[in-house]
Amino acid sequence: MLRAVFMRLNNYLYGENMIEPINVTKTFRTEHDSVEAVSDVSLEIEKGDIYGIIGLSGAGKSTLIKILAGVYRPDKGGEIKLGWTDTAITDPIASIRAGISVIYQDISLFPNLSIEENICIGNVKGAFINRTEQRRIAQDALRILGIEVNPSTMLGDVSIGVQQLVAIAKAVHFDAKVIIMDEPTASLSSAEVNRLYEIVEKLRERGITILYISHKLEEVFRLADRITVLRDGHCIGTYPKSSLSEEELVSKMVGRHLEIDDRKKGKTDGDVILELKGLSRNKEYEDCSFMLKAGEVVGVTGLVGAGRSELFQSVFGISRPDCGEILLHGKPATIFSPKNAIKQGIVYLPENRLLQGIIPKQSMKANLTVTIMAQICNNLGFFKKESEQQICNDYISSLDIRPPLPEMRIENMSGGNQQKVVLGKWLATNPSVFIADEPTAGVDIGAKAEIHRIIRKLAENGMGVIVISSELPEILAVSDRIVIMKKGHIVGEMDANEATQEKIMAQAL
């Protein structure tokens with residue numbers, strides 16, 4: 001027994017394996033079907049290293065994280081060995097107590113509590129809270145990471161970047177041996193991203209192991225010591241960062257040549273579907289005029305605060321312009337609500353799919369058909385289940401949604417596949433104008449290429465598409481025409497074939 005204890009102490013101190021998921025498989029089953037989200041995965045995670053874990057949407061990243069976090073139990077026969085404890089991961093509490101902390105993309109803290117309360121919550125002993133001790137603990141955790149913020153500040157009053165750092169401080173307070181970060185920079189500014197990098201490297205210096213999940217390859221190459229590639233639920237391999245080029249990594253992720261749309265872009269000769277004349281709203285945007293033709297993709301870009309989203313939220317009826325005119329198919333249109341906009345053939349894919357795009361507790365099928373419920377009900381108001389299932393199957397096939405399980409809760413799907421479901425629910429309304437606001441935010445390189453293909457296909461089929469994006473490579477990749485906004489004004493327009501990032505930024509600045 002003493003030898004076993006000594007071996008465990010030796011392994012922990014000198015860097016042997018921290019985590020060994022051995023032959024882990026997770027199968028999701030519904031009434032009619034099943035799919036293996038993770039299949040026979042084995043990997044070895046060592047102490048004090050940063051592991052980049054990458055893969056396309058549906059590769060199994062989210063499922064593997066949730067197995068380590070105790071949210072899911074692996075199928076019979078698979079196990080997870082922790083190098084510093086004999087504690088089995090049976091549920092989220094057991095995972096936290098074992099020393100594993102997960103920082104999710106949608107930060108799971110409490111905005112209505114203070115920073116110090118968020119750091120200490122879940123670790124209060126006794127019937128009463130010692131506020132002085134709570135403040136001291138929080139200050140120590142923040143000081144270790146060099147985070148300068150008042151612990152008594154309400155979490156909801158600080159930026160997403162600071163909230164991300166508070167979540168890390170909480171993990172440090174709980175003496176985490178392994179911290180899993182899921183797309184940690186998805187909502188951060190460039191300054192906040194650099195601050196996060198500094199914190200991650202401090203954690204490594206303290207001997208904490210980091211599993212860093214990101215679709216941004218430049219981040220993985222910037223931080224990771226080793227890179228683990230998942231594809232279609234299988235572990236393709238774990239490689240030293242120095243042994244891979246970006247092209248080799250992409251090849252391992254997709255398992256095939258990734259098709260890039262090199263279609264020649266340019267102005268179309270379709271009819272004008274949407275026209276804005278002198279739209280203005282309360283300093284959000286001013287005197288904006290704009291045209292969209294059938295079969296055309298117009299990219300709209302500009303710096304943060306340029307008024308891009310606000311302008312087109314008014315076109316969708318989320319807000320009302322103070323003055324100006326909207327024309328649809330050449331005729332004046334009054335749009336006073338999103339429901340009214342949908343009836344007139346305008347749909348809007350929001351920037352934040354988690355808060356505005358999906359119904360998390362509902363199934364994929366329910367999310368896909370929520371916009372057309374009237375169409376799948378009979379005259380008595382009852383669902384026509386066959387019609388609902390057929391529509392769902394059609395979009396699963398045409399958009400390549402994975403896993404193809406209509407009854408699966410959408411919150412358990414990857415970000416890229418959630419975004420495809422949101423695309424599908426709007427396409428089901430058969431719109432003529434499709435507004436997509438940051439359509440590839442938080443998705444991997446494969447899902448991004450697929451969403452770009454879908455956008456081009458919509459235009460080829462005669463739809464008018466508006467893509468609002470802060471990513472200039474995306475704007476250049478999908479647009480026929482590019483509109484630049486600055487401080488609420490449309491300040492420039494150019495043909496995509498003539499545009500460069502430098503020309504766009506010259507006008508945006």
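This is a short walk through one predicted chain, from its overall form down to Ile-396.

Ground rules. The model is predicted, so local features need pLDDT of at least 70 and side-chain atom pairs pLDDT 80 or more, while totals for chains, interfaces and linings use all residues. Numbering runs from 1 along each chain as its sequence is written, and side-chain values use heavy atoms, without hydrogens or water.

Overall form. The chain has 18 helices and 21 strands; these are DSSP runs, H or I of at least four residues and E of at least two, numbered from the N terminus. The C-alpha box is roughly 85 × 50 × 50 Å along the principal axes.

Packing. Of the 509 residues, 52% are buried, meaning under 20% relative accessible area with a 1.4 Å probe, protein chains only. Now contacts, heavy atoms within 4.5 Å. Among those with a separation of 6 or more, 67% join residues 24 or more positions apart.

Now Ile-396. Ile-396 sits in helix H14, residues 385-399. Its relative accessibility is 10%, so Ile-396 counts as buried. What does Ile-396 touch, leaving out residues up to four places away in sequence? The partners are Met-364, Ile-401, Pro-404 and Pro-406. Pro-111 is 285 residues from Ile-396 in sequence, and the two C-alpha atoms are 36 Å apart.

Definitions and conventions:
Buried means under 20% relative accessible area, exposed over 50%, partly exposed in between (1.4 Å probe, protein chains only).
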